[in-house]
Amino acid sequence: MEQLQNKVVTYEWREVIKRGLLGLSIPIISLTYPLLNQYRGETNSVYTFVDKIIPFNKIFIIPYVSWYVFIAIFTVVLCILDKERYFKLLITLNIGMITCYIIYYFYPTHVPRPMVTGTDFLSDLVLNLYAADNPYNCFPSIHVLNSMLIGIYICVSEKVSRWIKATCVIMSGSIILSTMFIKQHYFADVLAAILFAFILYFSFRSRKFNLDKIKIISYTE
């Protein structure tokens, strides 16, 4: 019996690892971003009166850069606990990012950065971000799109605990706000990404996938 239990546990983790390999599609698709994040002539602006109201606040650099950890942690959570929603999340993330890249190509936008004069740790983080990421490819915001999609799929899963859901919502919300407070995105970039996230979610909510037929690595025992 113990050998059988060990075999079942081993098999389950092999399946989790195989599912996790699909998550590599996200960083692979992201390789396209630097090619588009360049000045390519005339750019557009989606500035609104809301952006005038929102002040620059360097403290929001912390949730902004935590986006990468946020994505890694909560995609792994779904990969382990809820494979159906994990696959739907990956599908919507891939479609969403590719669509955003197409929009960036045909409708390039620009968000001017504020002057940051501080020499403290947070100011340095903001300046390093500005140096590493050109102020293009803004509408809609992929930071917001991915945060929303992960937040939605985590919250609708019956297999995820309440405290994980609460943590995800808090982190997702702070990341979304951070895009505007550190002047990486305009309000319209954020609003468009939120609407797009819900469109993607509802487009796949009722779809059923035969997950037993999804095989990544074939092996014999």
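## The largest pocket

The largest pocket holds about 830 Å³ of space, a volume being what probe spheres set on the grid points fill, with points joined across faces, edges and corners. (A pocket is an open set of points on a 1 Å grid over the protein atoms alone, where a 1.4 Å probe fits and protein lies on both sides within 12 Å along at least five of seven lines; lining residues have an atom within 4 Å of a point.) This is a predicted model, where local features need pLDDT of at least 70 and side-chain atom pairs pLDDT 80 or more, while totals for chains, interfaces and linings use all residues. Residues are numbered from 1 along each chain, and side-chain values use heavy atoms, leaving out hydrogens and water.

Of the 42 lining residues, Ser 30, Trp 67, Tyr 68, Ile 71 and Met 97 sit closest to the centre. Helix 6 gives the largest share of the lining, eight residues (helices are DSSP runs of H or I, at least four residues, numbered from the N terminus).

## The nonpolar core

Now for the packing. The largest nonpolar core has 54 residues, and Leu 145, Leu 149, Ile 150 and Ile 154 touch the most other members. (Such a core is a set of buried Ala, Val, Leu, Ile, Met, Phe, Trp, Tyr and Cys residues joined through side-chain atoms within 4.5 Å; buried means under 20% relative accessible area, with a 1.4 Å probe and protein chains only.)

Beyond four places in sequence, Leu 149 is in contact (heavy atoms within 4.5 Å) with Leu 89, Thr 92, Leu 93, Ala 197 and Leu 200.

## A buried serine

Ser 141 lies in the loop between helix 8 and helix 9. Ser 141 counts as buried because its relative accessible area is 0%.

Terms used: Buried < 20%, exposed > 50% of the residue type's maximum accessible area, 1.4 Å probe, protein only. Helix = DSSP H or I, 4+ residues; strand = E, 2+ residues; numbered from the N terminus.
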